[in-house]
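The following note sets out, point by point, what may be read from the structure shown below. It is intended to be consulted beside the sequence.

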Amino acid sequence: MDWLRTHRGDAPLIVAFPHGGTGLAGREDAFVSPWRARLDTDWWIEPLYAFVRDLGATTIATDISRSVIDMNRDPSGASLYPGQATTELCPTTTFDGDPLYVEGTPSEGEIEQRRRAFHTPYHAALAAEIARLRAQHGRVVLYDAHSIRSRVPRLFDGELPQFNIGTDGGATCAPELEAAVAAICAASGHSHVVNGRFRGGWTTRHYGRPETGVHAIQMELAMRGYMAEPAALDEHHWPSPLDPTPAIAPVLHQVIAAALDFAKGKP
């Protein structure tokens, strides 16, 4: 599975990148355009967090675009945000509501094929790494790394806070971990929110079981913190490159350090 990349470390921390891929799995002709199919990628998210490997963290990343199948959705297709605008397990529109497909939408058979080919193996790999590290450590932190454009009117009003911490209302990790991450973000001078518009997706909610020693937290970054966001989104202006010195990089280093300290039981 050359679309799935796992880097194994021995520290009690996993950083997952479910939405950084741009591969369309041979389905390019089905989409309105490859550019539109890649529009909502969590751009440059993996290189932004490249430093975690030097700290001994395990990373799991997929090269498959979220437009093919969303690794952070419930495999049953149930909505994570009932009553709110969102995208499906196999999205049919962009975040802005523009159609992804030239005609029609994926059939149930096609969705099932994508689920078996990509979603199931991704989560099997993630579950295996959690089990491996949990056997070595008293507790493990799963940090689900995400990003999104700062302004997406269909999904939320106004400008999104820079740091969006999701723990499903505190259910997916110990309160000490949530508080430590929130305190760092609050002291950073950037805006932040805990369990706001993005409370944590299926990954966070499915694996976060503090009572078993597995603590999951999602971080949704507004992209303005590490790349330019042009007023016009087109093939000539999007995506813009990763800023070589992202404004939020020092904060992310502190957040990851706090997650590691918590996992290791440090005060």
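**Note on the predicted model**

1. Among contacts in the protein between residues at least 6 apart in sequence, 79% join residues at least 24 apart; a contact here is a pair of heavy atoms within 4.5 Å. The model is a predicted one, in which local features need pLDDT of at least 70 and side-chain atom pairs count only at pLDDT 80 or more, while totals for chains, interfaces and linings use all residues. Residues are numbered from 1 along each chain as its sequence is written, and side-chain values use heavy atoms, with hydrogens and water left out.

2. The secondary structure consists of six helices and seven strands, taken as DSSP runs numbered from the N terminus (helices H or I, at least four residues; strands E, at least two). Their sequence order is β-β-α-α-β-α-β-β-α-β-α-β-α. The radius of gyration is 18 Å, close to the 18 Å given by the globule rule for 267 residues, so the protein is as compact as a globular protein of that length. That radius is taken over C-alpha atoms, and the rule is 2.2 Å times the number of residues to the power 0.38.

3. Of the 267 residues, 52% count as buried, buried being under 20% relative accessible area with a 1.4 Å probe and protein chains only.

4. The seven strands form an open sheet of mixed pairing, in the order S1-S3-S2-S4-S7-S5-S6; two strands pair if DSSP finds at least two bridges between them. Strands S1 (4–7) and S6 (192–194) stand at the edges with a single partner strand each, so one side of each has no neighbour in the sheet. Direction ignored, neighbouring strands are turned by 15° against each other on average.

5. Strand S4 (residues 140–148) runs parallel to strand S7 (residues 214–222), and nine bridges join them.

6. Helix H3 (residues 108–134) lies across S1, S2, S3, S4 and S7, running at about 175° to S3. Helix H6 (residues 249–263) also packs on the sheet, touching S2, S4, S5 and S7, and its direction makes about 160° with that of S4. Such angles run from 0 to 180 degrees between N-to-C directions of lines fitted to C-alpha atoms, for helices over the stretch in contact.

7. Buried residues of H6 include Val251, Leu252, Val255, Ile256 and Phe262. Their cover includes S2, helix H2 (45–48), S4, S5, helix H4 (175–187) and S7. Just after H6, Gly265 takes a positive phi of about 80°.

8. Thr94 is found in the loop between S3 and H3. Is Thr94 buried or exposed? Thr94 is buried, with a relative accessible area of 1%. Not counting residues up to four places away in sequence, Thr94 touches Arg36, Leu39, Asp40, Thr87, Leu100 and Arg154.

How values were computed: Buried means under 20% relative accessible area, exposed over 50%, partly exposed in between (1.4 Å probe, protein chains only).
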